[in-house]
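Please look over the sequence and the model shown here before reading the report. The text then takes up selected features in turn.

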Amino acid sequence: MRCEFFSSLECVLYEKTMEAKFEKFEHFYENFKGGGFFFNADHPSIFRPNSHEKIRLLHPTRLRRPKFANSHKALAKLIHSIAHIEFSAINLALDACYRFKNLPLAFYEDWLEVACDEMRHFKLLNLALKELGFEYGSFPAHDNFEEALRATKDSLKFRMGVVHRGLEAKGLDANPFIVKKLQSSPHPIRPLLEEILGTILRDEIRHVQKGDLWWKFAKDEREDFITLCEKFKKFNLAGKKLNTKARLAAGFEAGELEQIAKFYSFCAGEKG
């Protein structure tokens, strides 16, 4: 017997216990790939906070980030910050599938695949945390993703642009700096972490490609990314230094990257 897609996904999306969430998703995803769902676009999409049950969320300005990973605890905090990004990305991908209806099947295929990737990344990072004597929830994390999800919940073009072409691409910018920070750690787990970060970077390029595709699908052809950066200035959709190679591979254009760098350089000057 086939199940309804959106109501079934709601049970996965809002499951608070991590192990149960992962188990429910695996069952859901296998069922989806086997054609076991029908879509009822009239199913209402609820919205409620959806962070991990053990995590304490703070505004980004209230978090203290270690400059180096040269101590056991600093290394754990660094891994924890990446794990938070990956766990949040699971919910963001699932929420995209749950919230936006009457779209081509390829849309749901894409974002369930992304959720599966993010879940794999998170599990690897959480295992590394446990090797260090910690786990996800051991440290506070920022609430930027929850805020972005709320701010874009009523618009497919804003969700795809801000979250999946914006914040995920910002992760591409951050990756080389995190790898460099890891190099200050003498811990024997470092090579494994560098390997995990390499996997994440390759996968995230594909994820941003999907965000690029569906943002262009949803937006008016006259709208550009800088307009989105201006409208959602509070989220800062680019890193201090753009990862040009990764962004070009993900669908950005060279001229566009120059505009983005110029825009955020001007914003930084305004703040200064």
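## Basis of the report

The model is predicted, so that local features need pLDDT of at least 70 and side-chain atom pairs count only at pLDDT 80 or more, while totals for chains, interfaces and linings use all residues. Residues are numbered from 1 along each chain as its sequence is written, and side-chain values use heavy atoms, with hydrogens and water left out.

## The largest nonpolar core

A nonpolar core is here a set of buried Ala, Val, Leu, Ile, Met, Phe, Trp, Tyr and Cys residues joined through side-chain atoms within 4.5 Å; buried means under 20% relative accessible area, exposed over 50%, and partly exposed in between, with a 1.4 Å probe and protein chains only. The largest such core holds 85 residues, and those that touch the most other members are Phe 5, Leu 94, Phe 107, Trp 111, Leu 112 and Ile 260. Helix α3 (residues 72-99) supplies the largest share of this core, with 14 residues; helices (H or I, at least four residues) and strands (E, at least two) are DSSP runs, numbered from the N terminus. In soluble globular proteins, nonpolar side chains tend to be buried together.

Which residues does Phe 5 contact, leaving aside its neighbours within four places in sequence? Contact being defined as heavy atoms within 4.5 Å, the partners of Phe 5 are Phe 28, Phe 32, Phe 37, Phe 38, Phe 39, Cys 97, Tyr 108 and Leu 112.

## Packing of α4 and α6

Helix α4 (residues 105-131) packs with helix α6 (residues 156-182) at an angle of about 35°, and their axes are 15 Å apart. The axes are lines fitted to C-alpha atoms, for helices over the stretch in contact, and the angles run from 0 to 180 degrees between N-to-C directions. From α4 the contact involves Phe 107, Trp 111 and Glu 118, and from α6 it involves Leu 156, Met 160, His 164 and Glu 168. These residues divide into four nonpolar, one polar and two charged, where Ala, Val, Leu, Ile, Met, Phe, Trp, Tyr, Cys and Pro count as nonpolar, Asp, Glu, Lys and Arg as charged, and the others, Gly among them, as polar.

## Salt bridges

A salt bridge is a side-chain nitrogen of Lys or Arg within 4 Å of a carboxyl oxygen of Asp or Glu, and a search of the whole structure finds 20 of them. In one of these, the side chains of Lys 234 and Glu 147 meet at 4.0 Å, N to O. The two residues are 87 residues apart, Lys 234 in the loop between α8 (225-231) and α9 (244-249) and Glu 147 in helix α5 (residues 144-151). Lys 234 is exposed, with a relative accessible area of 62%, whereas Glu 147 is partly exposed, at 31%.

Lys 157 forms a salt bridge with Glu 223, with the closest N and O atoms 2.7 Å apart. Because Lys 157 lies in helix α6 and Glu 223 in the loop between α7 (190-218) and α8, the pair ties together parts that are 66 residues apart in sequence. Both partners are partly exposed, Lys 157 with a relative accessible area of 24% and Glu 223 with 26%.

Ala 246, in helix α9, is buried, with a relative accessible area of 5%. Not counting residues up to four places away in sequence, Ala 246 touches Leu 172, Leu 201 and Ile 205.

Asp 212, in helix α7, is buried at a relative accessible area of 8%, and, apart from its neighbours within four places in sequence, it is in contact with Arg 165, Ala 250 and Gly 251.

## Positive phi angles

Most residues other than glycine have a negative phi, and most peptide bonds are trans. Asn 102, although not a glycine, has a positive phi of about 60°; Asn 102 is placed in the loop between α3 and α4 and is exposed, with a relative accessible area of 71%. Asn 236 likewise has a positive phi, near 50°, and its place is in the loop between α8 and α9, where Asn 236 counts as partly exposed at 27% relative accessibility.
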